[in-house]
Amino acid sequence: MSTTFQLDTSTSRANPTPQVMKRLTVPAIRARKKDGVTATPLVMLTAYTARQAQLLDAHCDILLVGDSLGQVIYGLPSTVPVTLEMMANHGAAVVRGSYHSVVVVDMPFGSYEASPEQAFESAAFLLKQTGAAAVKLEGGAVMAPTVAFLSQRGIPVMGHVGLTPQAVNVLGGYGARGRSDAEAEKIVSDAKALDEAGAFAIVIEGVVEPIAIAATQAVTCPTIGIGASAQCDGQVLVTEDMLGMFERVPRFVKRYEDIAGVIDRTVARYAEEVRSRAFPTEDQTYQPKA
């Protein structure tokens, strides 16, 4: 794959292809599920930077600017401290670096829970600042009125049920949800409430598989699984997790590569060559003209 990208100065957008391709739309994502079936599962990964977006974009239907950037990028202990400004900055970078995927930006903790009006103000800020197509918020039936409020005012919303990381202090940890009958029933009813409120897709995270399947079958919009089931209408992972950037990852992550090991070995070679003065060579320095 080519690593050379051109900057289109007329649009200030980095275009990884010689000709700009038409970007997928929220209605196109929603329409992938027909009569309860998604023939080709949706592919979603997280992205936080323009360069990362460039590399992921051709392979994905959706790029999620997740509030997981709090931990992945900033080293925070959870997603709770993430701010609207942080999401806006990274969201704008991902939009600039992509041309094909629908870009969805997470609404951070404290930016939407107080009222539908607060949520609209925050969501409008994110879409204006980033150029993204949609926002994502956590919560089930309690957030359904907010989802409806936003959707009716032109802001597409992706829902998120099951394990909701922003509520980690209430949940008491990151364990799988849906093990009790009451919790399982609530997850399915939460998904149905968001679907009926107008969510164009719903993330189902950290849910025991039979409940994830039941929730997927109970809604008309696509579901995106993460630690859920292959029977969901799509899948998402944190990109750094699946690339092997971290030694410790959740159980539901498949590490497709050992990028951390590649970086470690590469930097070790660089350090050795610097200390032995083997780098830079004449090829990497400017010599006087003859």
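## Glu205

Glu205 is buried, with a relative accessible area of 11%; buried here means under 20% relative accessible area, exposed means over 50%, and partly exposed lies in between (1.4 Å probe, protein chains only). The residue lies in strand E10, residues 201–205. Helices (H or I, at least four residues) and strands (E, at least two) are DSSP runs, numbered from the N terminus. The side chain of Glu205 makes a polar contact with the side chain of His160 at 2.9 Å. A polar contact is a pair of N or O atoms within 3.5 Å; within protein, one must be able to donate a hydrogen and the other to accept it, and residues adjacent in sequence count only if both atoms are side-chain atoms.

The unreviewed UniProt entry annotates Glu205 as "active site". UniProt positions are given in the numbering used here, feature names are shortened, and annotations may be inferred rather than shown by experiment.

## Basis of the model

This is a predicted model, in which local features need pLDDT of at least 70 and side-chain atom pairs count only at pLDDT 80 or more, while totals for chains, interfaces and linings use all residues. Residues are numbered from 1 along each chain as its sequence is written, and side-chain values use heavy atoms, with hydrogens and water left out.

## The annotated binding site

In the unreviewed UniProt entry, the annotation "binding site" covers Asp67, Ser68, Asp106 and Lys136. These residues span 70 residues in sequence, yet no two of their C-alpha atoms are more than 12.5 Å apart, so they gather at one spot. Asp67, Ser68, Asp106 and Lys136 are included in the lining of the largest pocket. On a 1 Å grid over the protein atoms alone, a pocket is an open set of points where a 1.4 Å probe fits, with protein on both sides within 12 Å along at least five of seven lines; lining residues have an atom within 4 Å of a point.

Asp67 is found in the loop between strand E6 (62–65) and helix H3 (69–72), and Ser68 also has its place in the loop between E6 and H3. Asp67 is buried at 5% relative accessible area, and Ser68 counts as buried at 13%. Leaving aside neighbours within four places in sequence, Asp67 is in contact (heavy atoms within 4.5 Å) with residues including Thr79, Asp106 and Glu138. With residues up to four places away not counted, Ser68 touches Thr46, Tyr48, Thr79 and Val238. The side chains of Ser68 and Tyr48 make a polar contact at 2.6 Å.

## Strand pairing

Strand E5 (residues 42–46) pairs with strand E12 (residues 234–237) in the parallel sense over four bridges. Two strands pair if DSSP finds at least two bridges between them. Val43 has Gln235 in E12 as its bridge partner. Strand E11 (residues 223–226) also pairs with E12 in the parallel sense, over two bridges, and Ile224 stands opposite Gly234 in E12.

## Thr130 and the cysteines

Thr130 is in helix H5, residues 116–130, and is buried at 7% relative accessible area. The side chain of Thr130 reaches the backbone oxygen of Leu126 at 2.6 Å. A polar atom of the Thr130 side chain also lies 3.0 Å from the backbone nitrogen of Ala132.

Cys221 counts as buried at 0% relative accessibility, and Cys232 is buried at 5%. The count of disulfides is zero, a disulfide being a pair of cysteine sulfur atoms within 2.5 Å.
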